Amino acid sequence: MKLLVINGPNINLLGVREKEIYGAQTYESLLDYIRQVCDQAGVEADFFQSNHEGAIVDAIQAAYGNYQGIVINPAAYTHTSVAILDALKAVSIPAVEVHLSDIYQREPFRHVSYAGMACVKSFYGLGFEGYRQAVLFLKEREEARP
């Protein structure tokens with residue numbers, strides 16, 4: 001199984017930004033963690049991070065026919081991007097939404113997830129563990145297909 005892991009704006013600043021919310025671990029440590037999870041699960045993964053909405057849409061569209069699943073943390077675009085929602089719907093690749101923080105315990109505007117409307121599952125508030133759960137969920141889902 002091959003997954004595309006997409007991270008949105010400011011995720012590249014993990015370890016620098018709002019440590020009380022996102023923790024002290026860096027973006028590189030997140031990628032290392034996901035690589036280890038994928039290696040243990042026998043899953044291949046490619047990674048994409050951008051602070052630009054259109055680039056994320058382009059990555060989702062380019063995933064069509066190349067990946068069996070998408071793990072996506074759209075970050076701030078979660079709450080604003082109909083374009084990302086539409087791209088996820090257009091490619092029909094099973095996607096799982098991940099958020100490091102619990103978006104439902106934060107400001108009310110963060111309680112709406114447009115991207116989540118196109119995802120088969122969401123994990124939030126679990127830190128890096130949410131990515132592990134997303135990878136394993138997609139792997140089990142793929143293996144359960146007839």
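Reader: Which residues does Val135 touch, not counting those up to four places away in sequence?

Author: Val135 touches Leu3, Val37, Cys38, Val43 and Val71. Keep in mind that this is a predicted model.

Reader: Which residues touch the most other members of the largest nonpolar core?

Author: Val135 is one of them, along with Leu14, Leu30, Val71 and Tyr131. That core has 24 residues.

Reader: Which elements give two or more residues to this core?

Author: Those are β1 (2-7), α2 (27-41), β4 and α5 (129-144). The largest share comes from α2, with seven residues.

Reader: What does the second, separate core include?

Author: Among its 20 residues are Ile60, Ile72, Val91 and Ala95.

Reader: Switching to α4. Which of its residues are buried?

Author: In α4, residues 82-91, the buried ones are Ile84, Leu85, Ala87, Leu88 and Val91.

Reader: Why are they on the same side of α4?

Author: Because they cover an arc of only 165 degrees around the axis. In general, an α-helix has 3.6 residues a turn, so residues three or four places apart point the same way.

Reader: What covers them?

Author: The cover includes α3 (53-63), β3 (69-73) and β4 (95-99).

Reader: And which exposed residues are on the face turned away from the buried side?

Author: Lys89 and Ala90.

Reader: What caps the N-terminal end of α4?

Author: Ser81 does, with a side-chain oxygen 3.4 Å from the backbone nitrogen of Ala83.

Reader: Which residue just after α4 takes a positive phi?

Author: Ser92, at about 55 degrees.

Technical notes:
Residues numbered from 1 in each chain as written. Predicted model: local features only at pLDDT ≥ 70, side-chain atom pairs only at ≥ 80, totals over all residues. Heavy atoms only, no water. Buried < 20%, exposed > 50% of the residue type's maximum accessible area, 1.4 Å probe, protein only. Helix = DSSP H or I, 4+ residues; strand = E, 2+ residues; numbered from the N terminus. Arc of directions from axis to C-beta. Contact = heavy atoms within 4.5 Å. Polar contact = N/O pair within 3.5 Å; in protein donor to acceptor, adjacent residues only side chain to side chain. Core = buried A, V, L, I, M, F, W, Y, C linked by side-chain atoms within 4.5 Å.
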